[in-house]
Amino acid sequence: MQLSVKVYSDGAELSAMKAVAAKGLVEGFTTNPSLMKAAGITDYLSFAKEAVATFPDQSISFEVFGNTPERMLAEAKLLSSLGNHVAVKIPVIRANGEDNGDVISELSAAGVRVNVTAITTLDQVKLAVASLDEAVGGIVSVFAGRIADTGVDPLPLMRQSADLCHTKENVELLWASTREAFNIVQADQTGCDIITVPPKILGKLNKFGKDALTVSVDTVKTFDQDIAELGFTIPVEADVLK
């Protein structure tokens with residue numbers, strides 16, 4: 001299956017990142033505080049430096065931890081200094097409900113490639129695009145999966161977001177919070193430039209192109225294998241089997 005969307009790996013385990021990179025499945029990487037917590041990262045800067053050195057030719061996004069404009073600016077500049085291929089993730093909004101438009105604008109004007117994250121509305125997309133310097137470029141990460149979790153179809157928003165992002169040179173739309181392999185196809189169809197995918201879902205890419213009947217047969221083979229390993233039988237009367 002030929003797709004135009006770029007696939008990034010989403011996670012904070014270097015071993016998993018190395019594994020997907022070795023298979024040639026991805027063009028970049030993203031991470032966030034929640035993924036770092038899950039991976040047991042205890043030294044953020046050491047992890048970031050090792051990741052940058054391990055993947056010197058692929059885009060990699062690191063998120064600030066600060067929750068004030070001053071702190072975010074300082075952290076972003078430090079993270080950006082780790083490598084030319086680093087993008088710094090700035091949430092579009094803070095926990096107090098205030099937006100980070102000024103922070104994004106200041107960083108972008110200073111030459112920092114910003115990945116504006118945690119976006120779920122069209123107004124937030126507009127803010128992100130307006131705040132990014134066209135010469136520097138940046139990434140607009142819309143959390144399609146989290147929108148779908150609320151029972152809302154994210155596809156109309158993703159199409160509108162693609163149109164908005166592409167009004168500026170070097171501004172890319174990223175499909176975030178991927179839930180299933182088919183999201184990669186949807187991201188491609190809606191005009192997204194990038195989709196970030198967890199390694200577990202990346203492992204399903206070898207199924208793309210498999211016909212439906214083969215999927216059915218493979219499913220039953222898995223059932224049979226699991227039944228054999230369980231060693232269970234369903235007791236029935238002998239005459240039933242005649």
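The following dialogue reads selected features of a predicted model.

Me: How is the strand arrangement to be read, and in which order do the strands close into a barrel?

Reply: Strands of a sheet pair through backbone hydrogen bonds, in either a parallel or an antiparallel sense. In this predicted model, eight strands close into a barrel in the order β1-β2-β3-β4-β5-β6-β7-β8, with parallel pairing. Neighbouring strands of this sheet are turned against each other by 30° on average, direction ignored.

Me: Over how many bridges do β2 and β3 pair, and which residue stands opposite threonine 30?

Reply: β2 and β3 are paired in the parallel sense over three bridges. Threonine 30 has serine 61, in β3, opposite.

Me: Which helices pack on these strands, and at what angles do they run?

Reply: Helix α3 lies across β3 and β4 (86-91), and its direction is at about 175° to β3. Helix α5 (residues 101-109) also packs on the sheet, where α5 touches β4 and β5 (114-119); the directions of α5 and β5 make an angle of about 160°.

Me: How does one find the sides of a helix, and which residues of α1 are buried?

Reply: One begins with the buried residues, which in helix α1 (residues 14-22) are Leu14, Met17 and Val20. Viewed down the axis of α1, these fall within an arc of 130°, so they line one face of the helix. Exposed residues Ser15 and Ala22 are carried by the face turned away from the buried side. The cover over the buried residues of α1 includes β1 (6-10), β2 (28-30), α3 (44-54), β3 (59-63) and α10 (199-202). Just after α1, glycine 24 adopts a positive phi of about 70°.

Me: Is threonine 196 buried or exposed, and what does its side chain contact?

Reply: Threonine 196 is found in strand β8 (residues 194-197). Its relative accessible area is 4%, so threonine 196 counts as buried, the cut-off being under 20%. Its side chain makes a polar contact of 2.5 Å with the side chain of threonine 30. Leaving out residues up to four places away in sequence, threonine 196 touches Tyr8, Ser9, Asp10, Thr30, Leu174, Trp175, Ala176 and Thr178.

Me: How many residues make up the largest nonpolar core, and which have the most contacts inside it?

Reply: The largest nonpolar core has 58 residues, and those with the most contacts inside it are Phe62, Ile90, Val140 and Val142. Apart from this core lies another, of seven residues, including Ala87, Leu174, Ala176 and Ile194.

How values were computed. Residues numbered from 1 in each chain as written. Predicted model: local features only at pLDDT ≥ 70, side-chain atom pairs only at ≥ 80, totals over all residues. Heavy atoms only, no water. Helix = DSSP H or I, 4+ residues; strand = E, 2+ residues; numbered from the N terminus. Buried < 20%, exposed > 50% of the residue type's maximum accessible area, 1.4 Å probe, protein only. Polar contact = N/O pair within 3.5 Å; in protein donor to acceptor, adjacent residues only side chain to side chain. Contact = heavy atoms within 4.5 Å. Arc of directions from axis to C-beta. Pairing = 2+ DSSP bridges. Axes fitted to C-alpha atoms, helices over the stretch in contact; angles between N-to-C directions. Core = buried A, V, L, I, M, F, W, Y, C linked by side-chain atoms within 4.5 Å.
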